[in-house]
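Hi,

Here is the structure I promised to pass on.

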Amino acid sequence: MKGIRKVLQKLVSSLRSLVLSPPQSLLVQEVVEELVRHTDQLTDVISVVNRNEKSLSRFGKQVFSQSDEDGITLEIVRRIFDQPGVVVEIGVGDGIENNSLVLLSMGWRAVWVGNEELGFDESEFKSTISYAKSWVTKDNVAETVKHGCRSVNSDMSLIDILMVDLDGNDFYVTQALLDCGILPSVLVLEYNSYLPPPIDWKMEYNAENVWTPPSLNYDASLQAYINLLSKHGYFLVACNAQTGNNAFFVKNDFAGKFGDVSREIGDLYVGRAQNVYNTPHNKKKLSRDFVESVLRAGASLSK
């Protein structure tokens with residue numbers, strides 16, 4: 001509560017300066033930006049307070065991730081692994097901010113796949129990072145990962161953690177990897193948090209899909225992932241609390257290590273935090289194609 005009070009005080013102070021300052025000397029843009037920063041800080045503090053004790057979201061912490069994914073990953077690793085392993089991340093951006101960097105800092109090896117130039121020279125880290133600059137589809141992802149594993153002296157059967165963040169065909173890429181026998185201990189998957197359980201929806205597959213904000217027509221709902229992964233022997237342990245972007249799944253073999261985590265999806269689901277970031281990237285918008293897609297998915301269930 002002290003954190004919330006402190007941020008509120010800053011917010012009020014900024015508002016007071018906006019009202020009292022002479023218009024001719026007021027830098028409106030700077031004041032607006034300051035208000036945005038304070039609002040974001042307040043949202044983050046509230047998300048921490050509201051973290052569910054029945055979910056691993058309470059361990060959320062940002063190190064190299066976009067939001068608080070790192071802390072959840074580290075808690076899962078602490079419970080399951082006694083030594084560094086191999087992580088595969090599909091959709092790593094430029095490599096400066098992603099979900100597997102924190103593991104690399106702890107001695108893990110990583111297979112990275114993405115469609116951007118990395119923001120650093122990966123040649124210095126050939127023994128720990130294999131990077132494939134590739135446009136990912138459900139048809140080429142398995143072979144791409146297989147080659148990457150060989151580059152870090154591993155193979156697909158030894159993958160410990162799989163992370164997928166593509167802003168589009170994530171569900172189909174994940175399904176393709178599972179179907180070819182990649183069954184890691186942990187999966188960290190981006191989901192479309194706009195659609196709450198029990199809605200089972202996934203975007204229609206398009207190998208050339210490029211997500212354009214603020215469209216909501218991307219990825220798949222949390223329920224869709226639960227239905228897919230339960231068939232392969234996984235259960236949900238958390239959704240990150242700050243933004244509701246990533247879901248964390250663990251193999252049923254490790255259920256005994258997560259006795260403090262609820263098995264009720266309603267206890268773990270985190271919906272889209274619409275106002276956490278005041279940027280076009282995060283302000284999603286309903287569209288005709290998205291609504292029609294959701295309607296088709298619902299109609300198929302009623303047949």
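Asn 206 sits in the loop that runs between strand S5 (186-190) and helix H7 (222-230); helices (H or I, at least four residues) and strands (E, at least two) are DSSP runs, numbered from the N terminus. Asn 206 is partly exposed, at 37% relative accessible area (between 20%, under which a residue is buried, and 50%, over which it is exposed; 1.4 Å probe, protein chains only). Its C-alpha atom lies 8.6 Å from that of Gly 168, 38 residues away along the chain.

Do keep in mind that this is a predicted model, where local features need pLDDT of at least 70 and side-chain atom pairs count only at pLDDT 80 or more, while totals for chains, interfaces and linings use all residues. Residues are numbered from 1 along each chain as its sequence is written, and side-chain values use heavy atoms, with hydrogens and water left out.

Now to the helix pair. Helix H6 (residues 170-179) packs with H7 at an angle of about 5°, the axes being 11 Å apart (axes are lines fitted to C-alpha atoms over the stretch in contact, and angles run from 0 to 180 degrees between N-to-C directions). H6 and H7 are therefore roughly parallel, a term for angles under 35 degrees. On the H6 side, Asp 170, Phe 171, Thr 174, Gln 175 and Leu 178 meet Ala 224, Tyr 225, Leu 228 and Leu 229 of H7, contact meaning heavy atoms within 4.5 Å.

Best wishes

Terms used
Angles under 35 degrees count as roughly parallel, over 145 as roughly antiparallel, 65 to 115 as roughly perpendicular and the rest as oblique.
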